[in-house]
Amino acid sequence: MGRPTGKRNAGYFARRRALAMAALEALLNDDGAPATLKDLAAAAGVSVPTLKHYFGDRDGLLRAALAAGAGTLSLPRPLDVPPDVALRTVLTATTTAWREGTLRALVASGLSLGIGSPTRGPMVIEQLWSPLLAPVEDTLRGHIGQGTLRPMPTHEAALSLMSPVLMALIEQDLLGGRGRRPIDLDAFIDHHVHTFLDQNRA
């Protein structure tokens, strides 16, 4: 007797995750996206019909790969320390995830995939950008609730905090700035947090 329509076999989701992780590894190693579903299938060691069975199409696979990558990030949401310590902690953890983890390759791949694409751009925001900003937003929201920061739109505030740090990392590490115009990133973050808090303390 066959499975009822719509039912998945016991290993379906584990297999789907394994294929997404294989595609993610291909993206990270390539600093971008292989051009075709055939390339991604070869990287995963399966056929194109197998990938279509699990993901539908290339964008479905890329969405799952980015989600898998974002799932490897583990950024703190410190609420039991003063806001200057909390924000430095989140931004410093971001630079560590960039320089010692997969964030650098994830951002490079996400930008390569998303810029100029009306379908993949929103996908990158949903699967990578939003999870990256969420710890900053949660930290801000928590400190606003504690009364240590003034009320503010947390998404816009998170963008204003994260954007200069990501811009500095892109300049220093992706564009070769560290060899030509190096900066002290810790001092950069300290100054940035100090400036932000001067304007936003309760």
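**Exercise 1. Determine what percentage of the residues in the protein chain is buried.**

Solution. A residue counts as buried under 20% relative accessible area, as exposed over 50% and as partly exposed in between, with a 1.4 Å probe and protein chains only. By that criterion, buried residues make up 43% of the 202 residues in the protein chain. The structure is a predicted model, in which local features need pLDDT of at least 70 and side-chain atom pairs count only at pLDDT 80 or more, while totals for chains, interfaces and linings use all residues. Residues are numbered from 1 along each chain as its sequence is written, and side-chain values use heavy atoms, with hydrogens and water left out.

**Exercise 2. Find the aromatic pairs and classify the one formed by Tyr12 and Tyr54.**

Solution. Rings of Phe, Tyr and Trp (its six-membered ring) pair if their centres lie within 6.5 Å; planes under 30 degrees apart count as stacked, over 60 as edge-to-face and the rest as tilted. Applying this rule gives 3 aromatic pairs. For Tyr12 and Tyr54 the ring centres are 5.0 Å apart and the planes stand at 25 degrees, so this pair is stacked. The pair joins distant parts of the chain, since Tyr12 belongs to helix H1 (residues 12-30) and Tyr54 to helix H3 (residues 48-55), 42 residues apart; helices here are DSSP runs of H or I with at least four residues, numbered from the N terminus. Both Tyr12 and Tyr54 are buried.

**Exercise 3. Classify the pair of Tyr54 and Phe55, and state whether each residue is buried or exposed.**

Solution. Tyr54 and Phe55 lie 6.4 Å apart, centre to centre, with 45 degrees between the planes, and the pair is therefore tilted. Tyr54 has a relative accessible area of 13% and is buried, and Phe55, at 8% relative accessibility, also counts as buried. Together, Tyr12, Phe13, Tyr54 and Phe55 form one aromatic cluster.

**Exercise 4. Identify which members of the largest nonpolar core touch the most other members, and list the contacts of Phe196.**

Solution. A nonpolar core is a set of buried Ala, Val, Leu, Ile, Met, Phe, Trp, Tyr and Cys residues joined through side-chain atoms within 4.5 Å. The largest such core has 57 residues, of which Leu51, Phe55, Leu140 and Phe196 touch the most other members. When neighbours within four places in sequence are set aside, Phe196 is in contact (heavy atoms within 4.5 Å) with Leu87, Leu140, Met152, Ala157, Ser160 and Leu161.

How values were computed. Helices (H or I, at least four residues) and strands (E, at least two) are DSSP runs, numbered from the N terminus.
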